[in-house]
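This report describes aromatic contacts in a predicted model. The sequence and structure are shown first.

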Amino acid sequence: MFGPADVKLCGTALLLVLGVLANAFNLGVMLVQQWRSGGVKTLVVIICFISLGNVLLQISTFILVASIWAGVLCGPVLPFLFCVVVVVWLSSSSVSFWSVAWLSVFYCVRVLSFSSALFRALKENVSTVLNAALCVTLLTSCLMFTPFFFLHFQSQTLFSNVTEKAACVLRKPLFPAWVDVNIYVVVFLFYLTLMPLTVMLPTSLRLVVFLCRHTVQRSSSRSAESYLLVCRLTVALVWVYLATLLTISLFYLHAIFASGLSADMLFLGLSFYCVASAILLTCSNKNLREKLRVLMCRRNNADILTESAADKSGGTAKV
């Protein structure tokens with residue numbers, strides 16, 4: 001009989017398979033495109049950052065859920081490997097969130113026209129600026145969460161017989177004494193959620209408004225359909241982004257100022273983000289859509305050939 005913990009583990013495993021497959025497909029296609037092009041394409045690099053970050057985020061999320069299910073947080077000592085997984089989990093989510101924000105900046109700057117000399121210079125050098133921004137994002141995402149390496153359990157010297165025989169009780173990992181928990185959590189939440197949101201939201205909305213205007217002007221052309229598709233996908237990505245960042249913020253702020261929410265909400269939100277963002281990226285990128293269409297056509301053709309061969313063999317057997 002499956003308990004609630006088993007159901008959570010199976011659900012996370014299902015999302016893991018879907019998320020890893022979708023993001024691995026995007027990553028593989030983009031790496032092949034990058035290798036064939038010979039140069040460094042900023043759009044390809046950004047999508048690779050998002051896809052790789054999502055893969056690591058999905059895998060580390062499943063490891064955390066499996067570790068809690070196995071009772072890692074019930075032992076007397078917190079394993080260092082658990083702390084490493086937490087750091088990878090937070091760093092990969094940060095890289096993914098920031099990369100989505102930089103992708104929005106890239107599309108906005110490339111599509112829109114600007115009258116300001118500063119923005120025209122940014123438009124001409126957007127690839128260089130964003131490549132540097134991605135490197136800084138990777139570095140800061142690795143450094144921001146280093147205090148999580150020092151998580152530990154509060155030492156307990158006295159255990160009663162009732163406590164020893166009791167069922168597994170999850171213990172809350174603590175930061176070392178030199179970390180001011182309230183200030184640190186507010187700082188890394190500002191970096192992880194608010195800062196990328198202030199980058200993505202204005203650029204995405206500006207892009208959607210611009211594309212909607214062109215859709216109205218070209219209501220009878222095929223390009224209007226493509227503009228409308230990009231608008232819908234951008235709005236969907238913004239909603240997924242907002243929902244995920246809101247979930248993270250609520251979880252950590254509630255953990256500081258109240259009793260704390262269940263981590264299942266956080267794990268589920270991040271797993272959903274990995275799957276949804278991968279699907280939206282595939283639908284919004286022309287090269288990814290074409291590769292997926294080719295892959296599906298090959299599979300359908302293979303199924304048709306298999307059925308045809310089976311029918312022929314069946315007919316021969318009857319004769």
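## Aromatic cluster

In this predicted model, one aromatic cluster is formed by Phe145, Phe148, Phe175, Tyr184 and Phe188.

## Aromatic pairs in the whole structure

The whole structure was searched for aromatic pairs, and 15 were found. Two of these pairs are described below, each with its geometry, its place in the chain and the accessibility of its residues.

## Phe80 and Phe149

The ring centres of Phe80 and Phe149 are 6.0 Å apart, and the ring planes meet at 25°. Planes under 30 degrees apart count as stacked, so this pair is stacked. Phe80 belongs to helix α3, which covers residues 80-111, while Phe149 is in the loop between α5 (126-144) and α6 (161-165). The pair therefore ties together parts that are 69 residues apart in sequence.

Phe80 has a relative accessibility of 52% and counts as exposed, because the class begins over 50%. Phe149, with a relative accessible area of 29%, is partly exposed.

## Trp98 and Tyr191

A tilted aromatic pair is formed by Trp98 and Tyr191, with 5.7 Å from centre to centre and 40° between the planes. Trp98 lies in helix α3 and Tyr191 in helix α7 (residues 181-217), so this contact ties together parts that are 93 residues apart in sequence.

Residues under 20% relative accessible area count as buried. Trp98, at 6% relative accessibility, is therefore buried, and Tyr191, at 9%, is buried as well.

Terms used:
Residues are numbered from 1 along each chain as its sequence is written. This is a predicted model: local features need pLDDT of at least 70, side-chain atom pairs count only at pLDDT 80 or more; totals for chains, interfaces and linings use all residues. Side-chain values use heavy atoms; hydrogens and water are left out. Rings of Phe, Tyr and Trp (its six-membered ring) pair if their centres lie within 6.5 Å; planes under 30 degrees apart count as stacked, over 60 as edge-to-face and the rest as tilted. Helices (H or I, at least four residues) and strands (E, at least two) are DSSP runs, numbered from the N terminus. Buried means under 20% relative accessible area, exposed over 50%, partly exposed in between (1.4 Å probe, protein chains only).
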